[in-house]
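Q: Here's a model I'd like to pick apart label by label. Could you tell me what each call rests on?

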Amino acid sequence: MAKKLKGDQVLTGQLLREGDVVFYTEDGSWSPDLQNAKIATTAEQIDELDLLIAKAEETNLVIDIYPIVVKRDDAGKLVPDLIREKMRTTGPSIVYADF
């Protein structure tokens, strides 16, 4: 069952083979770009996330699927509401040196 979060939501997970963070899209595929994510804005759409999670988990393409709350920034772009999710979408916060 999807968490009962408050606000607009999207589904996120990680590609099983690559480990990349991805988002569920309108056409039922997965995209690494949050801007392509299917947004659940109504209570009914949010309830449907449970069904989408179960269906997506059956394919074993994406793992650790769960909903996150998103909002629009001043430029109108989707951004995660929580800092943990912001970090997942932007990648590592440190630069690795080549050795």
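Q: Why is Asp 50 called partly exposed?
A: Asp 50 has a relative accessible area of 24%. Buried means under 20% and exposed means over 50%, so with 24% Asp 50 falls in between and counts as partly exposed. Keep in mind that this is a predicted model.

Q: Where does Asp 50 sit, and what is centred on it?
A: Asp 50 lies in helix H1, and a kink of about 25° in H1 is centred on this residue. Asp 50 and Pro 67 are 17 residues apart in sequence, and their C-alpha atoms are 9.1 Å apart in space.

Q: What makes Ala 54 buried, partly exposed or exposed?
A: The relative accessibility of Ala 54 is 39%.

Q: Which residues of H1 are buried, and what covers them?
A: Ile 46, Leu 49, Leu 52, Ile 53 and Ala 56 are buried in H1. The cover includes S1, S2, S3 and S4.

Q: Why does Arg 88 count as buried?
A: Arg 88 comes out at 16% relative accessibility. The cut-off for buried is under 20%, so Arg 88 counts as buried. Arg 88 is found in helix H2, residues 83–90.

Q: What does Arg 88 touch?
A: Leaving aside residues up to four places away in sequence, Arg 88 touches Thr 12, Gly 13, Gln 14, Val 21 and Tyr 66.

Q: How do you know that the side chains of Arg 88 and Glu 85 make a polar contact?
A: They are joined at 2.9 Å. A polar contact needs a pair of N or O atoms within 3.5 Å, one able to donate a hydrogen and the other to accept it, so 2.9 Å passes the distance test. On the Gly 13 side, the backbone oxygen of Gly 13 lies 3.4 Å from a polar atom of the Arg 88 side chain, which is also within 3.5 Å.

Q: What makes the sheet open, and in what order do its strands run?
A: Five strands form the open sheet in the order S3-S2-S1-S4-S5, with antiparallel pairing. The edge strands are S3 (30–31) and S5 (78–80), and each pairs on one side only. Helix H1 (residues 43–58) packs on this sheet, touching S1 (9–15), S2, S3 and S4 (62–72). The direction of H1 makes about 150° with that of S4.

Q: How do you know that S2 pairs with S3 and with S1?
A: Count the bridges. Two strands pair if there are at least two bridges between them. S2 (residues 21–24) and S3 have two, in the antiparallel sense, so they meet the cut-off. S1 and S2 have three, also in the antiparallel sense, so they meet the cut-off too. As for particular partners, Phe 23 has Ser 31 as its bridge partner in S3, and Thr 12 stands opposite Phe 23 in S2.

Q: What makes S2 covered on both faces?
A: Val 21 and Phe 23 on one side are buried, and so are Val 22 and Tyr 24 on the other.

Q: What do the chain totals say?
A: Buried residues make up 33% of the 99 residues. Among contacts between residues at least 6 apart in sequence, 53% join residues at least 24 apart.

Notes:
Residues numbered from 1 in each chain as written. Predicted model: local features only at pLDDT ≥ 70, side-chain atom pairs only at ≥ 80, totals over all residues. Heavy atoms only, no water. Helix = DSSP H or I, 4+ residues; strand = E, 2+ residues; numbered from the N terminus. Contact = heavy atoms within 4.5 Å. Axes fitted to C-alpha atoms, helices over the stretch in contact; angles between N-to-C directions. Buried < 20%, exposed > 50% of the residue type's maximum accessible area, 1.4 Å probe, protein only. Bend = angle between axes of the 7 residues up to and from the residue.
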